[in-house]
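Keep the structure open beside you as you read.

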Amino acid sequence: MENRIIICAVQPDSAAHDAGIEPGDVLLSINGQKIEDVFDYRFLATDSNLLVEIEKKNGEVWEIEVEKDEYEDLGLEFEDPLISGAKSCTNKCIFCFIDQLPKGMRESLYFKDDDSRLSFLSGNYVTLTNISDEELERIIRYKMSPVNVSVHTTNPELRVLMLRNRFAGNVLERIRKLTDGGIKVNAQIVLCRGINDKEELNRTIKDLSDLYPGLESISVVPVGLTKWREGLYRLVPYDRESSLEVVSQVTTWQQKLLNKFGSRIVYLADEFYIMANKDLPPCEEYEDFPQIENGVGLMSLLLGGFYEFMDK
């Protein structure tokens with residue numbers, strides 16, 4: 001069935017509004033090219049001169065010429081922001097937080113997404129197991145940067161085990177393809193005690209940091225565990241002693257990478273410092289806060305701002 005791209009809103013004073021495009025219209029093509037998803041729309045709509053084909057509510061098809069500044073937003077909003085629907089996750093990760101949610105909450109909380117378009121649009125993390133080589137090439141061609149990747153480990157066999165997906169082992173190769181194509185990548189490691197920590201963590205940080213500056217940053221976050229884990233893979237929570245070990249290990253890597261590249265590259269989630277009963281690093285040690293939305297440096301930034309306010 002053909003995907004009908006229904007326009008749900010037109011931004012006031014936008015190029016689309018001035019051209020007479022209205023909510024309820026159906027977008028058919030831009031410059032003669034069909035729109036498959038939001039990547040196509042964003043790429044095609046950057047031109048300054050557009051021929052937009054729409055279907056009106058009465059079934060008439062209009063071709064509308066639109067003039068705007070290059071890269072200016074056309075001003076259209078769609079019922080489905082991705083246009084073609086979000087891709088669900090094909091992994092069965094041993095640490096998946098959604099698997100350990102209680103029953104009875106709103107349905108959207110149970111949807112497992114693994115969509116590179118959401119990584120670009122919303123900062124979501126993707127595993128790259130749910131994307132074809134053609135889609136990787138499209139990300140590079142459309143310059144959809146940055147992409148946030150859930151790596152967890154660069155050991156192919158271990159990653160297959162952790163994601164429970166036999167196609168999960170080539171993550172380093174796929175990240176390298178993105179960085180070689182000019183796409184910036186931020187990496188995430190969900191650290192599971194006794195599984196991908198210690199020497200495995202050393203290996204992962206080494207492999208990923210070798211891709212700097214294309215690989216911009218690495219976040220290390222502790223696995224989140226709830227009491228609703230009956231029948232799931234046995235995981236051990238971090239305590240003070242094990243958190244101290246992680247803090248020491250990553251701090252050593254930060255100094256090594258700072259000396260080599262001028263950037264720490266790898267950053268710990270705030271929880272590790274809290275569990276280790278250690279002071280949070282000062283704001284400047286988070287550099288440009290590349291992964292603050294992932295719980296990395298947020299408390300330090302807030303406290304830094306609080307102390308600056310109090311000093312005044």
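Helices here are DSSP runs of H or I at least four residues long, and they are numbered from the N terminus. With that in hand, please bear in mind that what you see is a predicted model. Its chain has ten helices and eleven strands.

Start at the second largest pocket, which holds about 320 Å³ of space. Its lining is made of 14 residues, and the closest to the centre are R42, F43, T46, Y71 and Y142. Which helix gives the largest share of this lining? That is α2, with three residues. Two helices, α2 (38-44) and α4 (133-142), supply at least two lining residues each.

Now step back to the chain as a whole. Of its 312 residues, 46% count as buried. The accessible surface comes to about 16,600 Å², and carbon and sulfur atoms account for 50% of that. Among contacts between residues at least 6 apart in sequence, 65% join residues at least 24 apart.

Finally, go inside. In soluble globular proteins, nonpolar side chains tend to be buried together. In this model, the largest nonpolar core has 60 residues, and F95 and I175 are those with the most contacts inside it. Leaving aside residues up to four places away in sequence, F95 touches Q100, H152, M162, V190, C192, V223 and L235. A second, separate core has 20 residues, among them I21, I30, L50 and V66.

How values were computed:
Residues numbered from 1 in each chain as written. Predicted model: local features only at pLDDT ≥ 70, side-chain atom pairs only at ≥ 80, totals over all residues. Heavy atoms only, no water. Core = buried A, V, L, I, M, F, W, Y, C linked by side-chain atoms within 4.5 Å. Buried < 20%, exposed > 50% of the residue type's maximum accessible area, 1.4 Å probe, protein only. Contact = heavy atoms within 4.5 Å. Areas by Shrake-Rupley, 256 points an atom, 1.4 Å probe, with all protein chains shown as cover. 1 Å grid on protein atoms, 1.4 Å probe; cavity = no way out; pocket = protein on both sides within 12 Å on 5 of 7 lines; lining within 4 Å. Points joined across faces, edges and corners; volume = space filled by probe spheres on them.
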